[in-house]
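I opened my notebook to look up a few spots in this structure. Here is what I worked from.

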Amino acid sequence: MNKKDKFLSRYLYFLVYRLIGAIFHEDKRIAERLPNYFPTYRSFIGEFLNQFLRRIGSPKSFLPQGIIIEPTNYCNLRCKHCTAQAVDEDRGYMEYEFYTNIIDTNPQITCIILARNGEPFLHPKIFDMIAYAKAKGIYVSIYTNGILISKEKVDKILSVGLNEINFSIEGIGDVYRKNREVSYAVLKKNIECLIEKRKEHGVSLKIGINIAVIESDNYSVRDIKNEWEGKVDHIDIEPLMGEKSVLRTRSCRTLWRNLVVRWDGVVLPCCIDMRSSLIMGDLKKNSVREIFNGDRALALRKSHINGMYPPVCKYCDELFG
């Protein structure tokens, strides 16, 4: 295929995603994120098959195109709103060899998110993990509290090829300090340093703000937008994970799309299951393919199809799936 044909092929590919984004316009991130998360025709077809099977009521799915991987469940902060750090569970770091095996044995994966219940930049080999996935052509995104992003780490982030970094914030100034017990000025300085260095290096890293809404008056959302709109690439507003929202009315598309691998290899359906109440398997014992369409996964999808939602799913905001 010559360059012109490749361009036309890519152009048509993006048009399809634009159309999907227009259809599901309630989630503005779809048209923007799908081309990144599913950047090939193969991955697009895989995602289409997954959601087609969901729509026709089949508990089986194809294969996850993306996986959420938890480098560690340790965190350097103790935020007052954080359910994850209140969970009573063993803590540790994912073994690097186990991580590379996940990547090597799942060639269908086109994107990974390095995050869950901990701070990914605490992992001693986090930059090796990013580089390894990037060498395989995988889109890599990270969610971080940003406090550990020193100048030295900024240079590594920009040189290792990370595609996307999202900073979790629920307020600025005193609201931030009260909740996280650390100065907001530290986070602001780190983000601004990354933005400035990105310009100097000419790197295409996407920088985002992820807002967990914990203030009922929405003043914090307004303040964050005033602070960061026009400076970062996107600002996502989400309800607080694990908090009650409206009653679910449809099956969760995430169950047919991806899965979460905990630091110790335990597999969960999604990141909302912070207390590991819906364990689907152990990746140290079975493959992704075996777990994704194993008995527990099929039973969970069947319960959603029949409108019988487990407690962790019942009030989960449909924004998450």
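I am reading a predicted model, where local features need pLDDT of at least 70, side-chain atom pairs count only at pLDDT 80 or more, and totals for chains, interfaces and linings use all residues. Residues are numbered from 1 along each chain as its sequence is written, and side-chain values use heavy atoms, with hydrogens and water left out.

**Entry: Glu170.** I found Glu170 in the loop between strand E4 (164-169) and helix H7 (173-180). Helices (H or I, at least four residues) and strands (E, at least two) are DSSP runs, numbered from the N terminus. Glu170 is buried, with a relative accessible area of 2%. Buried means under 20% relative accessible area, with a 1.4 Å probe and protein chains only. I then looked up its side-chain partners. A polar contact of 2.7 Å links the side chains of Glu170 and Arg180. Another, of 3.1 Å, links Glu170 to the side chain of Asn179. A polar contact is a pair of N or O atoms within 3.5 Å; within protein, one must be able to donate a hydrogen and the other to accept it, and residues adjacent in sequence count only if both atoms are side-chain atoms.

**Entry: Ser43.** Ser43 sits in helix H3 (residues 41-55). Ser43 is buried too, with a relative accessible area of 1%. Its C-alpha atom is 9.8 Å from that of Cys111, 68 residues apart along the chain.

**Entry: H5 and H6.** Helix H5 (residues 126-135) packs with helix H6 (residues 151-160) at an angle of about 10 degrees, and their axes are 10 Å apart. Axes are lines fitted to C-alpha atoms, for helices over the stretch in contact, and angles run from 0 to 180 degrees between N-to-C directions. H5 and H6 are therefore roughly parallel, a label for angles under 35 degrees.

Note on methods
Buried means under 20% relative accessible area, exposed over 50%, partly exposed in between (1.4 Å probe, protein chains only). Angles under 35 degrees count as roughly parallel, over 145 as roughly antiparallel, 65 to 115 as roughly perpendicular and the rest as oblique.
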